[in-house]
Amino acid sequence: MADIKGILFDKDGTLVDFNATWLGIADFMAMDASEGDRWKADRLLAAAGFDFTNKRFKPDSIFASGTNLDVVELWFPRLSNEDQMLAVARFNEITSMQGSAMAVALPGIVDTLTALHRKSYRLGVATNDSTSGAEKTLVTLGVAQLFDAAYGYDAVANPKPAPDTILAFSDLTGLRPAEIAMVGDNRHDLEMARAGGCGLAVGVLSGTGTRESLSGIADVVLDSVADLPDFLSARVKETI
């Protein structure tokens, strides 16, 4: 097993409390899209994967794992290309500004990232949010200085689950994909890890994914990123 020297993190549900951060924003987007019609907005939320009974988004649903373009294509399937891009720009503005400003870090995340940085791991973010939203979120959380880069869906030709972000991070850091771990709460994070040849695919249960949805493709499923330093330390000892 190659030593892990770099770590790419999904953002929402992995570093950021997905429900605490995004439920209000998703509702705002749906109301904006439905021009204030509550019934239509609820139908849009349901189509995007919101479970009204449990008040959370379903694992691997469009809103939990897709891009703003995916949401626009779902909610406005008959738009012209020009109007579609205008709608994406509108949603990018909402998610970049409100999503970053309202970001709530998951418990222990800031201390964990600081500890990993001190151990000289190269850190990056791979998200299907916009790059601007990812960068602003890291600033809000007070951890931007710990990261080499943040990649949104608009930073690469093909977003998750395609391997483009793995390859971009590899090029930036000089690390081989086998020296990079990918950490995320949805299957598309782990599918990207596999497609990009990552040395480690780590699922976490802090977001919308479940042990059942993640265990079939992850090398390991942890409760949260806060458990990652101990896992990596134990993994290194096993290889010695």
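**A chat about T95 and its surroundings**

Mentor: Let's begin with a side chain: a polar atom of the T95 side chain lies 3.3 Å from the backbone oxygen of N92. Before going on, note that this is a predicted model, where local features need pLDDT of at least 70, side-chain atom pairs count only at pLDDT 80 or more, and totals for chains, interfaces and linings use all residues. Residues are numbered from 1 along each chain as its sequence is written, and side-chain values use heavy atoms, with hydrogens and water left out.

Trainee: Which helix does T95 lie in?

Mentor: T95 lies in helix α5, residues 81-101. Helices here are DSSP runs of H or I with at least four residues, strands are runs of E with at least two, and both are numbered from the N terminus.

Trainee: Is T95 buried or exposed?

Mentor: T95 counts as buried because its relative accessibility is 2%. Buried means under 20% relative accessible area, exposed means over 50%, and partly exposed is in between, using a 1.4 Å probe and protein chains only.

Trainee: What is T95 in contact with?

Mentor: Leaving aside neighbours within four places in sequence, T95 is in contact with W22, M29, N68, S100 and D129. Contact means heavy atoms within 4.5 Å.

Trainee: Tell me about N68, then. Which side chains does N68 join in a polar contact?

Mentor: The side chains of N68 and N92 are joined by a polar contact of 2.8 Å, and the side chains of N68 and T95 by one of 3.2 Å. A polar contact is a pair of N or O atoms within 3.5 Å; within protein, one must be able to donate a hydrogen and the other to accept it, and residues adjacent in sequence count only if both atoms are side-chain atoms.

Trainee: And where is the place of N68?

Mentor: N68 has its place in helix α4, residues 68-75. N68 is buried, with a relative accessible area of 7%. Beyond four places in sequence, the contacts of N68 include M29, V88, F91, Y153 and N128.

Trainee: Switching to helix packing: at what angle do α1 and α5 pack?

Mentor: Helix α1 (residues 18-33) packs with α5 at an angle of about 150 degrees, and their axes are 11 Å apart. That makes α1 roughly antiparallel to α5. Axes are lines fitted to C-alpha atoms, for helices over the stretch in contact, and angles run from 0 to 180 degrees between N-to-C directions. Angles under 35 degrees count as roughly parallel, over 145 as roughly antiparallel, 65 to 115 as roughly perpendicular and the rest as oblique.

Trainee: Which residues meet there?

Mentor: From α1, T21, W22, I25, F28, M29, D32 and A33 meet R90, F91, I94, T95, Q98 and G99 of α5. The residues of this contact of α1 with α5 divide into seven nonpolar, four polar and two charged. In that scheme Ala, Val, Leu, Ile, Met, Phe, Trp, Tyr, Cys and Pro count as nonpolar, Asp, Glu, Lys and Arg as charged, and the others, Gly among them, as polar.

Trainee: How do α5 and α7 cross?

Mentor: The axes of α5 and helix α7 (residues 131-141) cross at roughly 15 degrees and come within 8 Å. That makes α5 roughly parallel to α7. The contact is made by S96, M97, G99, S100 and A101 of α5 with S132, G133, K136, T137 and T140 of α7. By class, this contact of α5 with α7 has two nonpolar, seven polar and one charged residues.

Trainee: Now the backbone. Which peptide bond is cis?

Mentor: The peptide bond from K160 to P161 is cis, with omega near 10 degrees. P161 is found in the loop between β5 (149-151) and α8 (164-173).

Trainee: And where is E35 found, with its positive phi?

Mentor: E35 is found in the loop between α1 and α2 (38-47), and its phi is near 55 degrees. E35 is exposed, with a relative accessible area of 77%.
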